[in-house]
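Please look over the chain shown below before reading on. The report that follows takes up a loop, the strands and the chain as a whole.

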Amino acid sequence: MLDGTPPRVFLVVVNYGSSHLLLQNLARSADDPELGVVVVDNYSTPEERRRVESLTRSRGWDLVAPAQNVGFGGGMNLGIEQALARGAQVVAMLNPDLVIAPDDVLRLVAVVRADPDALVAPRILAPDGRPFAAGISDLLMDDGTMRASARRPDPPDGRPFREWLSGACLVIGADLWRRTGGFDDEYFLYWEDVDFSRRVQQCGGSLAVVDDVAATHEEGGTQGRTGRAKTETYYYWNIRNRFMYAARWLDAEEQRRWRRATLTATYAVLAQGGRRQFVSSWSPWRSAWRGVRDGRRLMRSAAVGSP
């Protein structure tokens, strides 16, 4: 702050091999003296660690530098812990491949201050202005697949669902964050925001999208638009963590229904990368098989350990 008092709003970003995006995107979002910044650098290479150290030092940002890759949720937990220790009252979680204007961050913060029990997100757009991601999404509880809330049938089809917000850009107050206990870092990557949204609601919080505030997903980010081939990492963790969520939240009969829907749910994940990939590479099928295998093992282990 210009008067020397520490900022009460912090941006927290988890980096993995994308220091160029921190310079391209985060530097724009953080361009306000009211905003502090914490960067968590999940270890990738010595060269990347040195680049992030140099960038954070030059910008005056806080750096949390774990010795290994602790995943998105684990990294975000470390970053927010640092922000709270620095006096943060509100934190804004951003992906490296998103940019949001500082004034818009503060507009989201104002919503949180008016309703401290709200977990708040903006609309997320592609650079050409088209919607990039749904605002609030639905997790369909009968089979574990997803849909955008805008695609709910009218009249309702009776399928049970739970709402969730993407972790790409979230704003939350310190008290609500502490009540949730933070992210479950055992997800490592993907689905931790689905789980986190449920725990926000479980502890009395609500989910909100501010329609007149937008964040932009920059081209060249960590994952492309629907229809472009994804990485094996994307496929594996999305497929595996569907089973983890089931093990965390569902009873035995609900888990059986999700297992029976494995083929449908797995194909829905793979289809995000388009059809062309299926004839050009074995990697989607390989990562899908591994995700199902490990997810089923995880679910069985949880059942054995339950009372």
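## A loop with two positive phi values

Phenylalanine 188 sits in the loop that runs between helix H5 (174–180) and helix H6 (192–202). The model is a predicted one, and in it phenylalanine 188 has a positive phi of about 70° although it is not a glycine. Tryptophan 191 lies in the loop between H5 and H6 as well, and its phi, near 75°, is likewise a positive value in a residue other than glycine.

Are these two side chains buried or exposed, given that buried means under 20% relative accessible area and exposed means over 50%? Phenylalanine 188 has a relative accessible area of 23% and is therefore partly exposed, whereas tryptophan 191, with a relative accessible area of 6%, is buried.

## A cis peptide bond

Aspartate 154 and proline 155 are joined by a cis peptide bond, for which omega is about 10°. Proline 155 belongs to the loop between strand S9 (146–148) and strand S10 (161–165).

Strand S4 (residues 90–94) has five of its five residues buried, so it is largely enclosed by the rest of the structure. In a regular strand the side chains alternate between the two faces of the sheet. In S4, Val90, Ala92 and Leu94 point one way while Val91 and Met93 point the other way, and all of them are buried.

Which strands pair with S4, and in what sense? Strand S1 (residues 9–15) pairs with S4 in the parallel sense over five bridges, and strand S11 (residues 169–173) pairs with S4 in the antiparallel sense, also over five bridges.

## Strand S12 and its partners

Strand S12 (residues 206–217) runs antiparallel to strand S5 (residues 98–99), to which two bridges join it. Within that pairing, leucine 98 has histidine 217 as its bridge partner in S12. Strand S6 (residues 118–125) pairs with S12 in the parallel sense, over eight bridges, and here the bridge partner of leucine 125 in S12 is threonine 216.

## Methionine 244 in helix H7

Methionine 244 lies in helix H7 (residues 232–249), and because its relative accessibility is 1%, under the 20% limit, it counts as buried. Leaving aside residues up to four places away in sequence, methionine 244 touches Glu186, Tyr187 and Leu298. The C-alpha atoms of methionine 244 and phenylalanine 72 are separated by 16 Å, these two residues being 172 residues apart along the chain.

## The chain as a whole

The secondary structure of the protein chain comes to eleven helices and twelve strands. For 307 residues, a compact globule would have a radius of gyration near 19 Å, and the 19 Å found for the protein chain agrees with this. Its C-alpha trace spans about 60 × 45 × 40 Å along the principal axes, and 51% of the 307 residues count as buried. Among contacts between residues at least 6 apart in sequence, 75% join residues at least 24 apart.

The accessible surface of the protein chain comes to about 14400 Å², of which 51% belongs to carbon and sulfur atoms. The chain carries 39 positive and 38 negative side chains, and the centres of these two sets lie 7 Å apart.

Conventions. Residues are numbered from 1 along each chain as its sequence is written. This is a predicted model: local features need pLDDT of at least 70, side-chain atom pairs count only at pLDDT 80 or more; totals for chains, interfaces and linings use all residues. Side-chain values use heavy atoms; hydrogens and water are left out. Two strands pair if DSSP finds at least two bridges between them. Helices (H or I, at least four residues) and strands (E, at least two) are DSSP runs, numbered from the N terminus. Buried means under 20% relative accessible area, exposed over 50%, partly exposed in between (1.4 Å probe, protein chains only). The radius of gyration is taken over C-alpha atoms; the globule rule is 2.2 Å times the number of residues to the power 0.38. Contact means heavy atoms within 4.5 Å. Accessible areas come from the Shrake-Rupley method with a 1.4 Å probe; for residues, only the protein chains shown count as cover. Lys and Arg count as positive and Asp and Glu as negative; His and the chain ends are not counted. The place of a charge is taken as NZ of Lys, CZ of Arg, CG of Asp or CD of Glu.
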